[in-house]
Every structure is written in C-alpha cells, then in structure tokens.
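I hope they are handy while you look around the structure.

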Amino acid sequence: MKILFTAKGDSWDSLVDPRFGRAEMFVLYDEDKDELQTISNDEAKEKAHGVGLQSAKKVLEAGADVIITGNGAGEKALEILKKSDIKVYVGAGDMSLRDAYEASKKGELKVQF
Amino acid sequence: MKLTIASGKGGTGKTTVSTNLASYLSQNRDVILCDLDVEEPNSKLFLKTALKNEEIFNKMVPSWVSEDCTLCGECGKNCNFNAIIALPSEILVYPELCHSCYACSELCPTGSLPMKPQKIGVIREYETKKFIFIEGRLDLGQEMAVPLIGGTIKYAEEKFKDSFMIFDAPPGTSCPVIEASKDSDFVILITESTPFGLNDLVLAVETMRVLKKNFGVVINRHGIGDDRVEEYCKKENIPVISKIKNDKEVATLYSKGELVYPHIEHFKNSIKEIANFVEGIK
Amino acid sequence: MSAKEIVVISGKGGTGKTSLSASFAYLEGKNTIVADCDVDAANMHLLLGADFEKQEDFYSGEVAFINEDCCINCGKCKEVCRFDAINVIDNQHRVDNISCEGCWYCSRVCPTGAIEMKTQKVGDLYVSNIKKESKMVHAKLGFGAENSGKLVAKVKTKAKEEAAKLNKRYIVTDGSPGVGCPVISSLSGANLVVLVTEATVSGLHDLKRVQKLLKTFSLKAVCIINKYDLNQKITDEIENYLKGEDIVVVAKLPYDETFTKALSEAKPIVEYDSDCDLAKSVKDSWKKIKNILGDV
C-alpha cells in the first residue's frame with residue numbers, strides 16, 4: 001500500500017503538517033518497497049486560490065491509497081479524492097510521521113472519508 | 001457628469017451623503033444613483049422604490065463537453081487559477097475560481113471547453129419618486145466584485161447616457177474602489193476627523209492620485225475628533241467641500257432608514273454646499 | 001495547548017469592530033497575540049501603538065512583462081487579452097500593470113517568447129510590539145492589489161506561529177469587512193466569532209448577510225449590539241433575529257461619544273477611561289466571551 005503524509009519534513013521524525021492544500025510537502029511511503037519519497041508542493045502552495053484542488057490531483061497521480069493528515073481536505077478537494085478509493089485519515093497534525101503511521105495501523109486516527 | 005462617492009474607511013457616511021445628495025439634486029435635474037457596494041448594497045434601505053427592471057449578471061466560465069475531448073490535460077496547464085483540474089478520466093471546472101481569461105477555451109485543441117455564462121449577481125433598476133436608482137448585488141459566495149461593479153456602471157451608462165450619475169462606491173482602497181472611480185469626472189472622499197479617518201483618507205488619496213482623478217473631501221461628524229484632517233487637506237492642497245456637523249439626530253434618522261436633509265437644517269446646508277460645488281465642476 | 005482564536009467581524013463598516021478588538025487585546029495584554037486582518041485599510045496599529053519592528057515582503061500573482069528586444073509587435077498578445085491590459089504606446093506593445101490579471105494567456109501565445117510573467121510584491125507583512133507587552137501581526141496591501149484573502153491567510157498563519165512560539169493563550173483577530181474572500185480567510189480556524197452590529201437598518205441588513213456566511217462554516221458566534229439606544233425598535237428586531245439563529249448577545253453598548261474621544265487619542269476605550277460605564281460593559285463582554293470559550 002502507498003501512504004501519503006502531508007508533512008513538514010522528509011523523514012520519519014518529521015511532523016505531519018495539519019494542512020492539506022498548503023502543506024509544506026508530501027511524503028509518500030511505499031509499504032512494499034519500504035521506501036520514503038518526497039513530493040514537492042512548492043508551486044501549488046503559493047497560489048491564491050484552488051490550492052487544495054491541485055494537491056488532490058497530485059495525490060491521485062502519486063498513486064496513494066491512504067492519506068494521513070491533520071485537519072483534513074477542504075470540500076472541493078474531497079470531491080476530487082472521492083472519485084477514487086483513497087482513504088483520508090485526520091487528527092495526526094503535529095505527530096511525527098512514525099507515530100502517525102503507527103496510530104493509523106492501530107485504528108487510532110479518525111477517518112474523514 | 002459622473003461623480004463617485006468613496007472613502008477609505010467604512011462607516012464614514014458614503015451612503016448617507018450619496019442618497020441625500022441624489023435626492024436633493026433631483027429637485028432640479030435628472031439624477032441616477034448607483035449603489036456599487038455590491039457585497040453589501042445598502043442604499044436601497046433609505047429610498048422608497050419600485051422595481052422597474054432586473055438583469056442577471058453573468059461571468060463567462062468554461063463548461064466541459066466530453067464528446068471530442070482527448071483528455072490531453074492542456075486546459076489544466078493553461079489555467080493559472082486552478083479553476084480547471086484535468087484528471088485522467090474527466091475534466092473538472094471550478095467556476096468560482098475562474099477569472100474568465102478564456103485561455104483554456106481558446107487553446108483547447110478539440111474545442112471541448114466552450115465558454116458559458118454563469119450568474120454571479122443581479123443588477124436592479126428602481127424608480128423612486130424623484131430619481132432612478134440602480135443597484136448591483138453580488139451573490140453570496142462569489143468572490144469577485146469588480147466585474148459586477150463594471151457591469152452595473154455599464155448598465156447605467158448604456159440606458160441613461162449623458163445623465164448626472166452618482167456612484168456610491170464600496171469602502172476601502174483596492175480594486176473595487178478603483179473600478180468604481182476610474183472613469184468618473186470627480187471623486188468625493190468622505191472621512192471623519194479621527195486617527196482612523198485620517199489614516200484611511202491618506203490611503204484613499206494615494207489611490208486617487210495614481211488614478212489621476214480630481215477629488216475633494218467631505219468631513220463628516222465634524223466636531224468629534226480634532227483638526228488633523230483639515231490640517232492634512234490644507235497641507236496637501238485638497239479642497240474640503242463641506243464639514244457636516246456631528247449630530248446624534250442624524251444618526252437616529254439614519255438608523256431608521258430615513259433621509260436626513262428634509263428634517264435637519266444644518267445637514268441640509270451641508271448637502272447644499274456639496275451640491276453647489278458639484279454643479280460648479282466642469 | 002494551542003491558542004484559542006476569537007475573530008471579530010461585522011459585515012458593515014463603522015460598527016466598532018476594530019475599537020472593540022483593540023479593547024479585548026488591551027484587556028488580555030501579554031496573554032494574547034493580535035492579528036489585524038483588515039489588510040485593505042488596516043487600523044488597529046493606531047490604537048495599540050504598533051512599532052512595525054519586523055517587515056516582510058508579500059508576493060502574490062504575476063504580471064506580464066514584454067521584453068522589447070524580443071518583441072516583434074505582432075499583436076497576438078493584445079488579441080487574446082480579455083482585460084484590456086495590453087496597449088500600443090509609441091509603436092510598442094506594453095502591459096498595463098494595474099489592469100493585468102496575471103492569467104498568463106499572452107505569455108503562452110507569444111511567438112517569440114517575449115513575455116515574461118513576473119511575481120509581484122503586492123504588500124507588506126509586519127510583526128509589531130504593542131501595548132501591554134503584547135505582539136501584533138498586521139499587513140498592508142499595495143495599491144491596486146487583489147485582496148484575494150491570501151495576505152489575510154499569511155497574517156493568520158504568522159499570528160498562529162507567534163502564539164505557539166510565545167505560548168500565548170489567545171489570538172484576537174480583527175476580521176475584514178464585507179462577505180468576500182478576505183472575511184472567509186479571516187474566519188478560518190476561529191474558535192469563536194464575535195459579530196459586531198449596530199442598531200440601524202443597515203446594521204441589521206449586513207448582519208443577516210454575514211450570518212448566512214457563518215452558517216456555511218458551522219462557526220459558533222456571539223453578538224455585540226453597538227449604539228443600541230439609537231433605535232430601540234431595531235435593537236429588538238436584531239435581538240429577535242439573533243434568538244432565531246441561536247446567537248447569544250454578550251453586550252449592548254449605548255451610543256456614546258466617549259468611544260470616539262478615546263479613538264481620537266489613539267486609545268482603546270478600556271485604556272482611555274477604564275472606569276466609565278462603556279469600559280465596564282466592554283470588560284464584562286470580554287469576560288463572557290472567555291467564559292463561552294471554556295476558560296475564565
């Protein structure tokens with residue numbers, strides 16, 4: 001499975017960024033390969049409007065199965081995410097990526113969708 | 001003659017002055033009053049009106065037609081406002097983010113994004129006993145006031161060419177005020193003699209100077225605060241057209257939604273002063 | 001524990017929003033960070049003695065720029081521009097910065113690649129020290145800049161950062177007027193909204209419009225009715241309306257020129273005359289607000 005974190009940094013110790021659209025960056029964890037990959041959000045996050053939409057598109061293109069984030073995706077971004085089987089977990093804001101991952105495995109995170 | 005009534009700060013008395021001035025001037029001539037504060041149009045509350053005409057105001061937005069679309073994704077790349085999201089299986093359009101630049105539509109290789117009108121507000125034309133009143137009202141959730149402000153002005157100009165027009169502008173100093181002022185012959189800035197009033201007047205003056213507009217100042221609620229605005233106007237060579245006396249009675253009439261000048265003599269004199277000044281402009 | 005944010009908005013201008021926000025900030029002193037989100041015509045700095053200590057440039061959007069050396073004056077750019085932003089002056093196609101919407105269309109069609117899209121500095125962001133050992137984040141939008149809500153978002157983000165860094169309990173946010181994007185941006189993440197209205201027909205009209213907006217965001221709100229004794233009939237109407245909307249009135253302030261006198265001396269009412277009735281009512285309302293937030 002591929003798990004995507006909205007993140008403030010690119011390692012397991014980095015914190016989850018509570019924002020979706022304007023997250024510092026995205027970090028994709030491929031469970032099968034046990035690999036972490038950083039996906040830039042620099043271009044999108046500086047735009048004035050519609051940022052969440054581009055992020056949703058990027059997330060879909062990255063092939064994520066699960067998103068772990070803090071506050072959740074906005075209404076419009078969610079609409080896009082709902083077109084796939086992606087699951088969105090919220091409540092992990094400011095946890096380390098590692099802790100957030102463990103929490104999701106134990107079912108401790110809330111499901112936004 | 002096109003006169004814009006503006007101010008930097010909200011709540012200084014734009015609507016009070018524009019409605020009373022329109023009513024006063026209409027005794028001797030045809031007047032058109034336009035409420036361009038399209039986010040919060042208020043002037044109508046002070047007038048007894050009968051609706052004469054209503055026009056839906058649209059902005060043009062792209063609309064996806066799937067038949068010939070190859071899902072090449074060019075449209076998504078051509079939109080700088082994130083209003084088009086090209087997914088592998090469909091094209092999503094977000095009209096609220098669209099700035100109507102037509103790039104996506106015109107650059108689409110298969111013509112799959114024709115531009116269609118979408119309602120963002122309403123322009124209403126009313127008759128009062130003495131003058132014509134036109135209001136632009138933006139739908140809630142629409143972000144862009146400027147196109148509707150322009151549209152309301154255009155409606156007034158096309159229907160009532162060459163009439164004496166008063167534009168009640170939105171507060172502030174940015175795009176909406178610029179749109180409401182840029183083609184006017186004269187701008188009256190309403191302020192009050194307090195630190196807030198002066199601070200925002202300076203911003204408004206800056207705006208008017210960049211637009212190269214002729215402008216003057218009316219000091220409302222004169223008597224509260226101090227001389228700082230008058231000092232500033234003297235220093236900057238800005239005409240002070242009138243000083244409206246601070247009077248709780250004025251506020252009371254305003255609170256009820258009534259015109260003031262028929263009831264309060266000193267206020268009537270101030271409106272007369274403004275009217276004389278305006279009629280003297282050429 | 002993260003700071004609790006109170007956002008003060010009004011829909012209509014001139015109801016006393018900024019004067020009240022400044023009073024709340026002054027009362028809470030060093031427990032709070034202040035955010036002034038009225039970036040078009042910012043005013044709070046006048047009442048709270050801001051020193052503009054730190055400044056940051058704010059960039060948003062782009063403006064087209066025609067490089068005359070590469071331009072062959074074919075006119076394709078002018079043809080496609082929907083905003084009348086390209087004109088021929090002295091035989092050269094030029095972009096009018098004020099009218100340019102930053103859509104990039106012209107740059108995409110230019111056959112010689114002569115058009116560059118340049119990021120614009122459209123404002124300034126400030127972090128100031130203010131009265132009572134507190135700090136304020138505020139900003140000024142540049143001339144003709146679009147108030148998209150992005151600068152407001154920046155002010156709020158910075159305020160949250162400062163609040164977290166300095167361990168502050170509250171953020172008092174002076175919201176933008178109106179009902180558009182800047183207000184929506186001001187409201188994002190609010191724990192409680194304070195609606196300031198006045199006892200006039202305009203006040204009630206604009207209150208209703210703003211409340212419609214609040215409902216779409218499921219934000220909890222309370223209300224302060226200013227100048228309530230100017231028109232008792234309207235005050236009653238407002239109170240009825242609010243009851244129907246489940247909004248508590250935390251204060252009814254009388255029409256009192258002390259407010260303006262305090263303003264003229266660049267002081268919030270609670271600093272100008274902390275014992276007068278008006279100041280006492282404002283203090284009371286702040287206590288009630290904190291109560292509703294779940295602290296005292």
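**Notes on the predicted model**

1. Let me begin with the overall make-up of chain B, whose secondary structure comes to nine helices and eleven strands. Please keep in mind throughout that this is a predicted model. Along the principal axes, the C-alpha atoms of chain B fill a box of roughly 70 × 40 × 35 Å. Chain B has 282 residues, and 51% of them count as buried. If you take the contacts in chain B with a separation of 6 or more, residues 24 or more positions apart account for 73% of them.

2. A word on confidence. The model scores ipTM 0.76 and pTM 0.80. For chain C the average pLDDT is 90, and 98% of its residues score at least 70.

3. Next, the domains. Chain B is divided into domain 1, made of 2-58 + 121-279, and domain 2, made of 64-113. Taken over C-alpha atoms, the centres of domain 1 of chain B and domain 2 of chain B are separated by 40 Å. For chain C, the assignment gives domain 1 as 4-58 + 124-293 and domain 2 as 68-113. The centres of domain 1 of chain C and domain 2 of chain C are 43 Å apart, again taken over C-alpha atoms.

4. Helix α1 (residues 14-25) of chain B packs with helix α9 (residues 265-279) of chain B at an angle of about 70 degrees, and their axes are 10 Å apart. An angle of 65 to 115 degrees counts as roughly perpendicular, and α1(B) and α9(B) are therefore roughly perpendicular to each other. On the α1(B) side the contact is made by B:N20, B:L21, B:Y24 and B:L25, and on the α9(B) side by B:I271, B:I274 and B:A275. By class, the residues of this contact divide into six nonpolar, one polar and no charged.

5. B:V187 is found in strand β9 (residues 186-192) of chain B. Is B:V187 buried or exposed? The cut-off for a buried residue is 20 or more other C-beta atoms within 10 Å of its own; B:V187 has 26 C-beta neighbours inside 10 Å, so it counts as buried. Leaving aside residues up to four places away in sequence, B:V187 touches B:T4, B:A6, B:S181, B:M208, B:K213 and B:F215.

Notes
Residues numbered from 1 in each chain as written. Chains lettered and ligands numbered in written order. Predicted model: local features only at pLDDT ≥ 70, side-chain atom pairs only at ≥ 80, totals over all residues. Axes fitted to C-alpha atoms, helices over the stretch in contact; angles between N-to-C directions. Helix = DSSP H or I, 4+ residues; strand = E, 2+ residues; numbered from the N terminus. Parallel < 35°, antiparallel > 145°, perpendicular 65-115°, else oblique. Contact = placed C-beta atoms within 7 Å. Nonpolar A, V, L, I, M, F, W, Y, C, P; charged D, E, K, R; others polar. Buried ≥ 20, exposed ≤ 12 C-beta atoms within 10 Å, placed from the backbone. pLDDT = per-residue confidence, 0-100. Domains from an automatic or database assignment.
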